[in-house]
Amino acid sequence: MSFEPSARIETVLQEERVFKPSSNVLGKYSISSFDQYQQLVDSAKSNPEKFWGDAALKELHWFKPFDIVLDWSNPPFARWFDGGKTNVSYNCLDRHVLNGLGDKIAIIWEGEPGEVRRITYKELLIEVCRTANALKSMGIKKGDLVALYMPMVPEAAIAMLACARIGAPHSVVFGGFSSEALRDRLNDGQAKAVITADGGFRKDKIISLKEAVDAALINNSCPTVKSVLIVKRTKTNIDFFPERDIWWHEIVPSQSIECLPEQMDSEDRLFVLYTSGSTGKPKGVVHSTSGYNLWAHLTFKWIFDVQKDEIYWCTADVGWITGHSYIVYGPLSNGATTVMYEGVPRPSNPGAFWEVIQKHKINIFYTAPTAIRAFMKSGRKIPDQYDLSSLRLLGTVGEPINPEAWMWYREIIGRNNCSIVDTWWQTETGGVMISPLPLATSTKPGSATFPLPGIQADVVNSQGETVQADQGGYLVIKKPWPGMMRTVHGDPKRFRETYWEYLEPIEGDLVYFAGDGARRDKDGYFWIMGRVDDVINVSGHRLGTMEIESALVSHDSVAEAAVVGKADEIKGESIVAFVTLETDNAPSEVLMNDLKKHVIKEIGVIAKPEEIRFTNSLPKTRSGKIMRRLLRSLASGEEVKGDISTLEDKNVLDELRK
């Protein structure tokens with residue numbers, strides 16, 4: 001355990017800045033005041049089944065209404081909206097076309113080499129039906145798992161929706177994963193088919209996707225996979241196996257434009273998405289049809305509340321849960337216009353994101369703190385070259401954001417004219433759990449603020465007792481919610497032990513433990529402090545790595561920092577900081593001492609790093625999260641062990657070892 005029953009996180013940064021909701025808004029919003037937010041919170045708490053049942057009937061289309069809202073007779077295995085029949089594809093497409101939105105743009109796609117496609121809801125429905133019929137012609141049936149290993153092209157979203165339409169759960173594997181990682185996921189899910197592309201464009205290079213698929217399938221190493229559907233994206237030469245491989249452009253366009261949606265039971269699987277553990281094989285997170293659809297829909301509506309003609313852009317990849325919930329299912333279920341971008345900022349185009357915002361007049365922008373810190377490193381010169389005046393709402397996702405990065409985001413990108421929604425959630429939760437609401441919540445830099453209506457979050461010790469203000473503890477969810485994962489694919493025991501039995505039951509009930517530490521301040525604001533194994537015990541003082549990192553990043557010379565603990569015979573643990581510097585700053589003994597003094601000033605002498613190691617980059621997952629467990633191994637001089645399939649650049653480890 002990282003926290004003892006009475007453990008207290010002792011490094012509390014003094015953050016006194018508070019920003020009222022922005023007036024840079026238009027139209028009618030679903031939650032337009034804090035009083036209205038509180039009314040919803042109270043309603044959900046007093047009668048949760050009525051709250052969720054009313055929301056499901058109002059927000060989703062049902063072929064057959066459900067009989068009961070929640071069956072929690074066998075916790076932690078929830079059944080939501082049992083007896084109901086619906087289809088996620090229908091909720092994302094057909095109902096909008098039938099309601100007169102057929103000519104509205106559903107997806108704006110920007111390719112890395114510069115192509116643009118604008119796809120209306122009617123056109124998207126036709127393409128989804130054609131693809132669904134193509135999958136049927138390949139022998140895919142309801143219940144068969146289909147894996148996607150694709151670049152960020154419209155066909156990725158089309159394929160996801162086509163799978164949902166015919167009741168074939170999908171498993172999207174990020175296109176940056178190795179062939180070995182892909183093979184593991186194909187075999188664990190017993191995939192029947194793979195949808196891929198000849199390649200994809202990323203950072204001015206072509207990524208060879210089909211080649212990785214071939215390597216994963218070599219020598220019948222994935223015996224359940226019978227066919228591979230290939231999108232021609234880069235027009236590179238590939239090996240083609242006629243008995244198995246099928247070109248998208250040769251089978252999809254000739255299909256019928258009509259495909260009746262499968263009427264799915266509420267608890268039928270919608271998708272399996274793999275998330276890596278620190279050890280052992282990746283976990284296949286299972287999400288079901290109606291509960292996930294409702295939560296992705298509601299959270300998108302509450303947090304972003306995209307108005308009729310607004311353009312929304314989430315910079316994630318569809319290979320991650322953020323791409324599932326907030327590029328595809330959440331926006332399309334709400335009838336919004338969502339942007340897909342194949343590229344990323346890169347040395348040849350460091351202003352790529354700002355160029356897209358300027359070009360398409362983006363109104364809502366949702367990205368990761370990692371990206372924001374990278375932009376900070378190169379300064380404001382680049383974003384200042386672009387017209388970002390269309391922005392009215394900025395979001396962050398993926399990990400806690402340092403207060404100084406939050407302020408930079410607000411001032412430089414938002415021009416002090418945008419609300420910021422710092423969202424906390426996980427693959428396992430299906431959608432955002434804690435977040436400000438743009439018209440309802442006053443924000444504090446670095447705080448995710450308050451749980452959304454229906455989410456009963458708490459910060460507790462290992463006995464399940466709510467801790468006092470500004471004390472650290474375990475972040476838990478006390479009651480089930482519709483978007484919760486249903487199980488770990490093929491391993492219900494692992495699901496129970498990992499998420500529901502880490503802590504003692506509270507008041508006799510199992511609670512979901514997120515794996516994150518948190519604190520609540522005197523005003524009730526939640527501050528996410530990172531994974532519980534990122535707490536350092538120095539001479540009996542338990543120090544939150546997130547706040548030491550925030551102190552370092554608040555120094556003018558620092559772009560990014562990661563803090564880990566190292567075994568110490570006297571102190572128990574000592575603090576080691578890995579630091580990347582802003583452009584035009586060079587490592588030096590003077591700077592190192594200055595940074596140590598800065599941490600003392602910001603937090604106290606107990607938080608002073610024993611070591612500071614300067615580095616050009618940090619080991620990160622492909623979704624941008626710093627892999628601190630690898631840094632702990634490096635700081636201790638130990639061999640790096642465990643799953644590193646999500647590591648974006650293995651060369652970073654070699655550089656850090658030097």
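A residue counts as buried when its relative accessible area is under 20%. In this predicted model, threonine 443 has a relative accessible area of 8% and is therefore buried. Threonine 443 belongs to the loop that links β20 (419-422) with β21 (457-460). Leaving aside residues up to four places away in sequence, threonine 443 touches Arg17, Val18, Phe19, Trp406, Ile420, Pro436 and Thr449.

The axes of helix α3 (residues 88-101) and helix α4 (residues 121-137) come within 9 Å and cross at roughly 140°. Angles over 145 degrees would count as roughly antiparallel, so α3 and α4 are oblique to each other. The crossing of α3 past α4 is left-handed. On the α3 side, the contact is made by Ser89, Cys92, Leu93, Asp94, His96, Val97 and Leu101, which meet Tyr121, Lys122, Leu124, Leu125 and Val128 in α4.

Three strands, in the order β28-β29-β30, form an open sheet with mixed pairing. Its edge strands are β28 (558-568) and β30 (611-614), each of which pairs on one side only. Neighbouring strands of the sheet are turned by 25° against each other on average, direction ignored. Strands β28 and β29 (residues 572-581) run antiparallel and are joined by 10 bridges; lysine 566 stands opposite serine 574 in β29.

Two helices lie across β28 and β29. Helix α12 (residues 369-378) runs at about 120° to β28, while helix α15 (residues 545-553) runs at about 140° to β28.

Terms used
Residues are numbered from 1 along each chain as its sequence is written. This is a predicted model: local features need pLDDT of at least 70, side-chain atom pairs count only at pLDDT 80 or more; totals for chains, interfaces and linings use all residues. Side-chain values use heavy atoms; hydrogens and water are left out. Helices (H or I, at least four residues) and strands (E, at least two) are DSSP runs, numbered from the N terminus. Buried means under 20% relative accessible area, exposed over 50%, partly exposed in between (1.4 Å probe, protein chains only). Contact means heavy atoms within 4.5 Å. Axes are lines fitted to C-alpha atoms, for helices over the stretch in contact, and angles run from 0 to 180 degrees between N-to-C directions. Angles under 35 degrees count as roughly parallel, over 145 as roughly antiparallel, 65 to 115 as roughly perpendicular and the rest as oblique. A crossing is left-handed if the near helix is turned anticlockwise from the far one by less than a right angle, and right-handed if clockwise. Two strands pair if DSSP finds at least two bridges between them.
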